[in-house]
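Keep the sequence and the model side by side as you read. This report takes one topic at a time.

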Amino acid sequence: MAKKILLVEDEEIMIDLLQKKLGKEGYTVFVAKEGEEGLKKMREVNPDLVLLDIIMPKKGGFEVMEEMNRDPKLKNIPVIVISNSGQPVELDRAKELGAKDWLIKTEFDPKEVLEKVIKQIGK
Amino acid sequence: MKGFRFSFKTKTILILLFFGIVPLLLNGFFILSQLESYLKNKTIQNLEEIERLVAVQIEDFVAEAFNNVIFLFKTPVFSSLTVPLEEKIAEIKKIASYYPNFQDITLLDKDGRILFSSSFKFYGKFSSNFWFLQAKEKKEVIISDIYAVLDPTRPTLSFFLPILDEKNEPIFFISVQLNMEKFLEIINSVKVGERGQAFLINERGDIIAHPYRSLLFEKISPDYPLKEAVFLKKGVVEFTFREEKMVGAFRIIENFQQYPGKNWHLILAQPKEEILSLVRQIRKQIYFFLFLSSIAIALIASLLSRSITQPLEKFISAAHQVTAGNFQVQVEVKTNDEFEDLATTFNQMIKELRNSYLKLNEAKANLERQVRARTEQLETLAKSLDKEVEKRTRELNLKIEELRKSRTALINILEDVEEARKKAEEERKKTNALIVNFSDGLLFFDQEGKLSLINPQAEKFLKVNSQEVIGQSLFQLKKIPSFQPLIELLGEKIQEIFRKELKMGEDLILEVSAISVISEKEQLGHLIVLHNITREKMVERIKTEFVSLAAHQLRTPLSAIKWTLRMILDGDLGEVSPDQKALLEKSYLANERMINLINDLLNVARIEEGRYLYKPQPEDIGIIFSEVIELHKEKAERKKIEIIFKKPESLPKVLVDKEKIALAISNLVNNAIEYTLAGGKVTVEIQKREKELLCLVSDTGIGIPKDQQSRVFTKFFRATNAMRMQTEGTGLGLFITKNIIEAHGGKIWFQSEEGKGTTFYFSLPLIEN
């Protein structure tokens, strides 16, 4: 059975690219364009992994993680954080909140994203 | 009390006046008050006396009428039933003619019907007449009140006489009306004072007799105590009559001799004003008398005091003359008393004084003669002395002349000096003006480290007043809070510093320079220049913020491009031809450069915003170097450049932010490879020193032109030869590197020679135990 990945990201093109890349590898990719929607989808589909953008309209990535930590059902879903700026403060905060890994948009490419995903949940 | 000095004479007069006039006045007023009450009483007594006589007359008048009525009508003619009515009428007519005092005699039957009236005035019946009914009931003679029938100015009085039969029942009544002219005459004739008058009033307060007929039957004034008077029978009364206060005596006429009276009030009253006018007149006379007496007393007092003080004045005048030197004066007093004795003694005394004075004068004349002789001797002596003095003076004048000449010479010299001083002063003023008006803050510390100058700008920056701080040492100044940051920057012993930034607060950032001031090889002290760069800093901050914001916004699309290109290149989106691939590859690299530039800009912006975060952890710097070199190996190989890495076997760990220090090393290594021609060599070395690690990156590259070396670490700097060789490059790398190294407490510097190569050095402090 295909592994389920929930992508929470507001950037259309990023969604498009990641969906293609990960879909090609056989993952089922669910998309939420904003934090609140992301949490809702999480409860619906119970994904194996969450790819979470930090800066989003309405509810940002950190708030989503805080809420996940409060919810026992969501608490154990692994999270890879997608950062735009890659600032140490941001990454530290992500680690604090229990992110398994992180990637910086400008410094990584989709291939590396795939590698990080595989590292977390396998093929 | 000086202003109120009274002479003895005045005092005497005042005392005499006081003892003469005051008792006189007191006595006068006492007499006056006694007199007033006496006069009042006397007046009342007089009124009462007259009143008593008047009352008797009134009683007599009525009683006589009474007697007549009884005598004339209590006869058998009237009481006998056998005497016919005609005879009775004839009798009445006869009586009426004899007694003109009887105005009218009326015969009534037992029911009050008129049988006959002598005056023919009365008709009808008396059956409801008050007095008739009384007479009928009481069966005795009833006297009416005084009343008026038609003409109120003609009062009258009636008697009702019942005629009884043997059974003591009235068969007829006779009514007799009295003529009251004589009665009124009694009242009119009363004369008291000028306007005194008698009143007769009945029980109800109606005036029944009074000199003014028009007032008859009017009510007496309401303030007349009608009931009280009846109760008291007689006494003194005050009441208002025709708006005038009256004082008088009253008396109740209780009966008319043996006949019962009608309780008439007889009042004899005089206007109060009239009584008082008498009193007033007397009072006026007494006042006049008092006034005359006072004047007389004053005159006497004055004369008396004069007789006492006149001798005294003579003594005083004599004493004055003696004081003035006139010993011929004699006091003449012939009063035959103590004053005369005193005058004799006084004259004797003056005589004695005159003798002493004459003796004294003689002695004085003697003395003067002696003085004159002595003076003559002295004058002779003085003349010979003058000659000597003249000679000496001449000599002195010569000396003075000499002195004056030398003084003139001296003054000339001094004037020259003064001119020089003035020039120097002017120069000093100029310099001072320069210092005071200089836009930068200036402070001067002397050799001993004491503040000897501070200009207004510096005072403003440091929030101090020159008086408070001049002469203070560095150590003392450190205690002033606003001064503390500057002193900390300068250090305990002032070293030369060049444009160091000093944040004094949110709204003041200074650039501090310390310059050694040396004059003719002698160190004078240090000049501290404080340049206000707050505004520049603010502009810079705004710029940085802008860059940061712009860079962030750029990153997002750049990432999207990067990812897209990567996926196309990786064939994720389908086959790509080799030509397409080659072009896309170039686009990808260009995009990467763009990302690097943005990252550099962001780093710079963060450094300048002061939020370039460092999280130092103990790290093996050797490992970091190895990793960085590893990343650059490919590029070096491509350029056929050899990289040599030398380091000691073991290295102590240093506290670094791994990521940042790696960036710093990477920038140095990348530059070395970039600006070294193929076949060149890059040497990376770590040396361990006592307290630090010294790292160096050395190349055999193009070097940095000497004239541009000072700008190597500034933002966007690129050496001209570097730009010729490699067009790409942000000029930010070394700026970032320098900031990273310094943020770790290290130092960075370089040595370079154009065309031969460059060596960059940086140090990192070791962890202290």
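What follows covers the model itself, the contact between two chains, and some single residues.

## The model

This is a predicted model: local features need pLDDT of at least 70, side-chain atom pairs count only at pLDDT 80 or more, and totals for chains, interfaces and linings use all residues. Residues are numbered from 1 along each chain as its sequence is written, chains are lettered from A and ligands numbered from 1 in the order in which they are written, and side-chain values use heavy atoms, with hydrogens and water left out.

## Where chain A meets chain B

Chain A brings 25 residues to the contact, and chain B brings 23 residues. Contact means heavy atoms within 4.5 Å. The size of an interface is often given as the accessible area lost when the parts come together. Here the buried area is about 2,100 Å², and carbon and sulfur atoms give 59% of it. Buried area is the accessible area (1.4 Å probe) that two parts lose on being put together, summed over both. On the side of chain A, L17(A), Q87(A) and T106(A) supply 25% of the area buried against chain B, more than any other three residues.

Between the two chains there are 3 salt bridges. A salt bridge is a side-chain nitrogen of Lys or Arg within 4 Å of a carboxyl oxygen of Asp or Glu. K21(A) forms a salt bridge with D572(B), and the closest N and O atoms are 2.1 Å apart. Four elements of chain A each give two or more residues to the side that touches chain B: α1 (12–24), α5 (88–96), β5 (101–104) and α6 (110–121). Helices (H or I, at least four residues) and strands (E, at least two) are DSSP runs, numbered from the N terminus. α1(A) gives the most, with 7 residues.

E107(A) sits in the loop between β5 and α6 of chain A. E107(A) counts as partly exposed because its relative accessibility is 45%. Buried means under 20% relative accessible area, exposed over 50%, and partly exposed in between (1.4 Å probe, protein chains only).

Which residues does E107(A) touch, leaving aside neighbours within four places in sequence? They are E112(A), K562(B) and N599(B). N84(A) is 23 residues away along the chain, and its C-alpha atom is 9.4 Å from that of E107(A).

## Helix α7 of chain B

Helix α7 of chain B runs over residues 272–324, which is 53 residues. At 1.5 Å a residue it should span 78 Å, and its end C-alpha atoms are 73 Å apart, which agrees. The expected span is 1.5 Å times one less than the number of residues.

α7(B) bends by about 35 degrees at T309(B). The bend is the angle between axes fitted to the seven residues ending there and the seven starting there. A proline, P311(B), follows within four residues. After α7(B) comes G325(B), with a positive phi near 105 degrees.

N263(B) lies in strand β11 (residues 259–271). Its phi is positive, near 55 degrees, and it is not a glycine. N263(B) is partly exposed, at 23%. K463(B) is in the loop between α9 (456–462) and α10 (466–469). K463(B) also has a positive phi, about 55 degrees, without being a glycine.

Is K463(B) buried or exposed? K463(B) is exposed, because its relative accessible area is 65%. N667(B), in helix α16 (residues 658–674), is buried at 14% relative accessibility. N667(B) touches G733(B), I736(B) and T737(B), not counting residues up to four places away in sequence.
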